[in-house]
Amino acid sequence: MSDTHTVINPATAEPVTDVHLASAAEADAAIEAAHLAFRAWRDVAPGERAALLRRFAAVVDDHVEELAELEVRNAGHTWGNARWEAGNVRDCLNYYAGAPERMFGRQIPVAGGVDLTFYEPLGVVGIIVPWNFPMPIAGWGFAPALAAGNTVVLKPAELTPLTAIRLGELALEAGLPDHVLTVVPGKGSVVGERFVTHPLVRKVCFTGSTEVGKRIMAGCADQVKRVTLELGGKSANIVFADADIAAAAASAPSAVFDNAGQDCCARSRILVERSAYDEFVSLLEPVVTGMRVLDPADESSEMGPLISAGQQRTVQSYLDDVEIAFAGTAPHGDGFWVPPTVVATEDPSSRIWREEVFGPVVAVMPFDDEAHAVELANDTEYGLSGSIFTRDLGRGLRVARAVEAGNLSVNSHSSVRYWTPFGGYKQSGLGRELGPDAPLAFTEEKNVFIAH
Ligand code: NAP
Ligand code: MG
C-alpha cells in the first residue's frame with residue numbers, strides 16, 4: 001500500500017503536491033544501500049571528496065531561486081529568508097569542503113614507538129530534520145557528515161519535504177555517487193524510528209521537539225548509538241537601562257517573529273530593566289504593529305503564516321489564556337495565520353513565560369537588577385540562545401557568561417553562523433553542530449601504537 005502526504009501551502013491552505021511516504025522496508029533499503037556506498041565513499045581521496053562537495057555547492061548555487069521558491073510555497077517562508085536558507089546550504093558545503101584535507105590526527109610522544117591518532121568516519125549517519133528550517137538544518141547535518149567520510153540518510157519533516165528532495169537530486173547532478181546522500185521522505189514514527197533502531201545507522205542527528213528528542217536519545221541508548229540533539233528553547237533578550245533602548249526595541253521583534261516565531265533560537269522572553277520598561281514597550285509597539293504580515297508570495301512580506309493548522313491551534317491556545325498587550329495584523333483569508341503578539345507578564349510561573357510557544361508570541365517582563373535578570377533568564381529547563389543589550393561591555397560579557405545557554409549575543413541577535421559552534425545547554429540539546437569541529441562529531445578517534 002502506497003502512503004502519501006499532501007503538501008499544503010500554509011499561506012493559502014491550498015494543496016501543492018503529493019509526496020510518497022517511505023515505508024519501514026523502504027527506509028531499511030535506503031540504509032542498507034547507504035551502508036554499501038560507505039566503503040567506496042570513505043576511500044575517495046580527500047581532495048576528490050572536497051571537490052565533489054564544492055561541485056555540490058556550485059549546483060546548489062545555480063538553483064537558489066528554485067529552492068527558495070519551493071520553500072516559500074511549502075513552508076510559508078519569506079523570500080528573503082528562503083534565499084538566505086538556500087544560500088546557507090551552499091555556504092555550509094563550501095566551508096566543510098575544506099575539511100576532508102584537514103582531518104588531522106595527532107602524533108603523541110610515547111616510549112618504544114610511535115603513537116598516532118586517526119579520525120575515522122562512523123558509517124551511515126541518519127539526519128532527522130524538522131519543518132521550521134528544512135534547508136539549513138539538513139545542510140548543517142549532511143555537509144560535515146559527508147566531509148568526514150560518512151554516507152547520509154536524511155528524513156525531512158513530513159510537512160516540508162520538497163527542498164530536501166530537490167537537494168538529494170542536486171547532489172547526484174553534482175556527481176556525488178549514488179546512495180552517498182539519500183533523502184527518505186516519511187513519517188517520524190516510521191522512517192525516523194528506523195534511523196534509531198536500525199543497527200547500520202551509527203549516529204542520529206535530531207533537531208525538533210525536546211519531547212521527541214528524549215525518546216530518540218533513549219532509543220539510541222539500546223545500541224550505544226551516537227546522537228546529537230538540537231531541541232527547543234525559550235531564550236531571553238535582556239535589555240539593561242543603559243542600553244540604546246531604541247535599537248533594542250527596533251530589533252526585538254525580528255529576533256522573535258522571524259519565521260513567524262518558529263525558531264528554536266527565538267528570543268521569546270524579553271526582560272527589561274524596570275527603569276527603562278515603559279520607554280522600551282512604547283518603542284516596541286509601533287515596530288510590532290507596523291510589521292508587514294502577508295502571504296510570502298508577496299516579496300515585501302516580513303512575516304508569513306505558521307506551518308500548519310495544528311501549529312496555529314497550539315499557538316492560539318496560549319493566547320486564549322493571557323491578556324494581550326498589543327498585536328500586529330495578519331491576513332484574514334485561508335492559511336494558518338497568527339499576528340505578531342506581545343504579552344506583558346510579571347509571573348515567571350505562567351505558561352506563556354515557561355513554555356516554548358513556537359509561534360509569533362513574545363512575553364515581556366521587568367527586572368530589578370543584573371542578578372535578578374540572570375536569575376530570571378536561567379529559570380528554565382532550556383538553554384539555547386540569548387541576547388544582552390547594554391552599553392557596559394564588562395556587564396555584557398559578565399551576563400553572557402552567566403546565562404546558561406549555548407549561543408549568546410551582545411547588542412545584537414546574531415543568527416546562527418555555520419563557522420561557529422551551535423548547540424544547547426540543559427534540555428535544549430546535546431552536542432554541538434557547525435563550527436570548525438563539526439566534522440569530528442561524525443568520527444571515531446582511533447589510536448594506533450607502532451613499536452620501534
Ligand atoms: P517533532 O515531532 O519533534 O518533529 C521533528 C522531526 O522528528 C520530524 O522530522 C518528525 O517527523 C520527526 N519525528 C517525530 N517523531 C519521531 C520519532 N518517534 N522517531 C523519530 N523521528 C521522529 O516536532 P513537531 O511535532 O513537528 O513540532 C512540535 C514542537 O516541537 C513545536 O511546536 C516546537 O515547540 C518544537 N520544535 C522545535 C524545533 C527546533 O528547531 N528546536 C523544530 C521543530 C519543532 P514527522 O514530522 O514527519 O513526523
Ligand atoms: Mg511531532
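Analyst: Start with one pair of helices. In α9, the residues Ile245, Ala246, Ala248, Ala249, Ala250, Ala252, Pro253 and Phe257 meet Ala276, Glu279, Phe280, Leu283, Leu284, Val287 and Val288 of α10. Contact here means heavy atoms within 4.5 Å. Sorted by class, the contact of α9 with α10 holds 14 nonpolar residues, one charged residue and no polar ones. The classes are nonpolar (Ala, Val, Leu, Ile, Met, Phe, Trp, Tyr, Cys and Pro), charged (Asp, Glu, Lys and Arg) and polar (the others, Gly among them).

User: What kind of model is this, and how are residues and chains labelled?

Analyst: This is a predicted model, in which local features need pLDDT of at least 70 and side-chain atom pairs count only at pLDDT 80 or more, while totals for chains, interfaces and linings use all residues. Residues are numbered from 1 along each chain as its sequence is written, chains are lettered from A and ligands numbered from 1 in the order in which they are written, and side-chain values use heavy atoms, with hydrogens and water left out.

User: At what angle do helix α9 and helix α10 pack?

Analyst: Helices (H or I, at least four residues) and strands (E, at least two) are DSSP runs, numbered from the N terminus. An axis is a line fitted to C-alpha atoms, for helices over the stretch in contact, and angles run from 0 to 180 degrees between N-to-C directions. Helix α9 (residues 245-257) packs against helix α10 (residues 274-289) at about 55 degrees, and their axes are 8 Å apart. That makes α9 oblique to α10. The cut-offs are under 35 degrees for roughly parallel, over 145 for roughly antiparallel and 65 to 115 for roughly perpendicular, with the rest oblique.

User: In which hand does α9 pass α10?

Analyst: A crossing is left-handed if the near helix is turned anticlockwise from the far one by less than a right angle, and right-handed if clockwise. The crossing of α9 past α10 is right-handed.

User: At what angle do the axes of α4 and α5 cross?

Analyst: Helix α4 (residues 79-96) and helix α5 (residues 134-147) cross at roughly 10 degrees, and their axes come within 9 Å. Therefore α4 and α5 are roughly parallel to each other. Their contact consists of 14 nonpolar, two polar and one charged residues.

User: How do α3 and α6 cross?

Analyst: The axes of helix α3 (residues 64-75) and α6 come within 9 Å, and the angle is roughly 160 degrees. These two, α3 and α6, are therefore roughly antiparallel to each other. The crossing of α3 and α6 is right-handed. Glu66, Leu67, Leu70, Glu71 and Asn74 of α3 meet Leu162, Thr163, Arg166, Leu167 and Leu170 of α6. By class, that contact of α3 with α6 has five nonpolar, two polar and three charged residues.

User: What span should helix α6 have?

Analyst: The expected span is 1.5 Å times one less than the number of residues. For the twelve residues of helix α6 (residues 162-173) that should be 16 Å, and the end C-alpha atoms are 17 Å apart, which agrees. Just after α6, glycine 175 has a positive phi of about 105 degrees.

User: Which residues of α6 are buried?

Analyst: Buried means under 20% relative accessible area, exposed over 50%, and partly exposed in between (1.4 Å probe, protein chains only). In α6 the buried residues are Leu162, Thr163, Ala164, Arg166, Leu167, Gly168, Leu170 and Ala171. In helix α9, alanine 252 also counts as buried, at 1% relative accessibility. Apart from neighbours within four places in sequence, alanine 252 is in contact with Asn237, Ile270, Phe280, Leu284 and His413.
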